[in-house]
Amino acid sequence: PMAQLEHIEAIETRLWSAADTLRSNSNYASNEYFLPVMGLLFLRHAYSRYLKVLPEIQESLPSRGGVVRPVTKEDFSGRGAIFLRPEAQFDFLVSLPDGVDRVAAVIAAMESIEKDYEGLANQLPKQEYRELTNDVIAGLLRTLNPDELKKADGDVFGRIYEYFLTEFAGLKAHDGGEFFTPVSLVQLIANFLEPTHGIVLDPACGSGGMFVQSAHFVERRHLEVSRTLTFYGMEKNPTTIRLAKMNLAVHGLEGKIAKAITYYEDPHEGLHGTADYVMANPPFNVDEVDAERVGQDTKRLPFGLPGTNKAKKVSNGNYLWISYFYSYLAEKGRAGFVMSSQASSAGGDERLVRQNIIETGHVDVMVDIRGNFFYTRTVPCQLWFFDKGKPVERTDQVLMIDARQVFRQVNRTICDFSPEQAESLTAIVWLYRGESERFVGLVRTFAEKALKAAQELAPVDYFAALAKFLPEADDRMASGTRANELVRQALSTLVPEGNMTDLVAFTDGSLHQFSEAAKTLLHDLDRLSKALSAFAEGDALWAKGRNSPLKALEVQKQSLVEQLKTVRYRHKVLHWLTSRFPQAKLVAVPGLVKVVTRDELKANDYSLTPGRYVGVAPEVVDENFDFDETMAGLKAQLITLNAEANELSAKILAGLEGLGV
């Protein structure tokens, strides 16, 4: 859970805009200020986590003769934070007086951390700060230390750290943006895999997002990460390795991250057949990999070499990665990774590799993801999951999920999963694994949140204030709030703690009524808002003055609108699950999910493309049609289709050139 901040998105945007002035108001390119900014954010994030665990540590410190022992690095071990000497603490850096060499102070802060943590030796940004002026660093330090976040609960700076990584990925400020996998995809992989013990390996680890989300998953179980998981990574880019080590360190984690081009090097050779979890987002559709060099590595290619061309190159590296991931798994290991959508139905020698993998019985879940989830590529992708520990009754089955219609439009070009969408997709996997009680538990949690949102709704206050100026608001206040109270009484008679039948009845009955009442109130608010604006036109002071009643009413109205929308959203989330799986049992849902047998896969040329099996969802009339949102979605789809067309054209042209045409 993040901090209890209503406007965290606005704060993130403001911080980024302020930090981004380095690019707009200086000679720095985004790739030049990328590391210095992330380094300072690393210090701020580390300080936030340091302060969070410090009181707990101080309470447990022994004393002799009334003198309490000072805190040490060892006190922070296993607490999800790192020890910071005074000179590395963010408050110290922010409070430096004018005239002090801030560049030297920041470098000294980094050096003190590297001295205490050997794994960070020569990894933190230092010399990069010599390119910045004292004034620029002072401005950045102040920017990254806003008052409203100093006492925030939760891992707010963790969220801001990820937000900055996202923005830098969007600018392609480093390595073409490939260092960063969207958080919602990483979270979904962690949710499906449930890493609770042993070795976690990422052979294309980028900035370490898979490790951090695995750690968050363990922390939510109230387990100590350092005693639960061991992290291993491989990454080709030295700067990205530094980023990954910073990302791990700030969470008090350690990992063995080796510099390697995974196709040709295997620095963690001893991990073959021992990894409990493999998680990755490898580069898609890499061509021209040297087949002779790769083919000698039979340990990591248990299903053979995928197709090669006349030049003795592997024409597409996707199945090299897929084979590598499988080869590292322990006897009951699980793998989850992002893959190009082309791989699941590829032909030729790639099809043979896929057939061999399917025949192990270890392909567990396949998920179709729509385009525009990535900041650096618009094409759709898929999530693959292997499970070597599948129970016998499921070895002949693969769960197919088409999640292309499950998304949240972040902006006109980017999509992600809302937390509730990610939880709902995870709940489908629980049903597949026979864990119906967990499914019912999630439905109950959703119901409780919906009930809370409904019970907190208080439109009567706004209508009473409005009625002072608009007589017609009296009628609305009387009828609207009376209906509202009746529905609330109905809600209070059923606290959602019963079985699935009760929860379905609650969703379709009283909560549905309440949602419809909220919809009516939203329409009325819009109508009354226009009437109020017309009423205010003749009195500029009333409408725009310092103590404007109109402004106060607008603030009150916006708060009420958000509450009403929350009620509607909570009902929508709950109905999505209860309408599809009313018995808390997995059933085929057209356009969404189906369990497929090995015989069905064989009959479909061993394709692992979910959309091929789940069918098409029946068309539903959307009562909440939003023109702007719909157009944004259509634009995103057009961008995706154009990108796919360009990619296919390039492949066709390359193929023709290879034939000498």
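## Asn237

Asn237 is buried, at a relative accessible area of 16% (buried is under 20%, with a 1.4 Å probe and protein chains only). Asn237 sits in the loop between strand 4 (229-235) and helix 12 (238-250). The Asn237 side chain reaches the backbone nitrogen of Thr239 at 2.9 Å.

## Basis of the model

This is a predicted model, where local features need pLDDT of at least 70 and side-chain atom pairs count only at pLDDT 80 or more, while totals for chains, interfaces and linings use all residues. Residues are numbered from 1 along each chain as its sequence is written, and side-chain values use heavy atoms, leaving out hydrogens and water.

## Helices 14 and 15

Helix 14 (residues 318-328) packs against helix 15 (residues 348-358) at about 20°, with axes 10 Å apart. Axes are lines fitted to C-alpha atoms over the stretch in contact, and angles run from 0 to 180 degrees between N-to-C directions. Helix 14 and helix 15 are therefore roughly parallel (angles under 35 degrees).

Tyr319, Ile322 and Ser323 of helix 14 meet Glu350, Val353, Arg354 and Ile357 of helix 15. Contact means heavy atoms within 4.5 Å.

## Ser344

Ser344 lies in the loop between strand 9 (329-340) and helix 15. Ser344 is buried, with a relative accessible area of 0%. Beyond neighbours within four places in sequence, Ser344 is in contact with residues including Tyr319, Arg354, Gln382 and Trp384.

Conventions:
Helices (H or I, at least four residues) and strands (E, at least two) are DSSP runs, numbered from the N terminus. Buried means under 20% relative accessible area, exposed over 50%, partly exposed in between (1.4 Å probe, protein chains only). A polar contact is a pair of N or O atoms within 3.5 Å; within protein, one must be able to donate a hydrogen and the other to accept it, and residues adjacent in sequence count only if both atoms are side-chain atoms. Angles under 35 degrees count as roughly parallel, over 145 as roughly antiparallel, 65 to 115 as roughly perpendicular and the rest as oblique.
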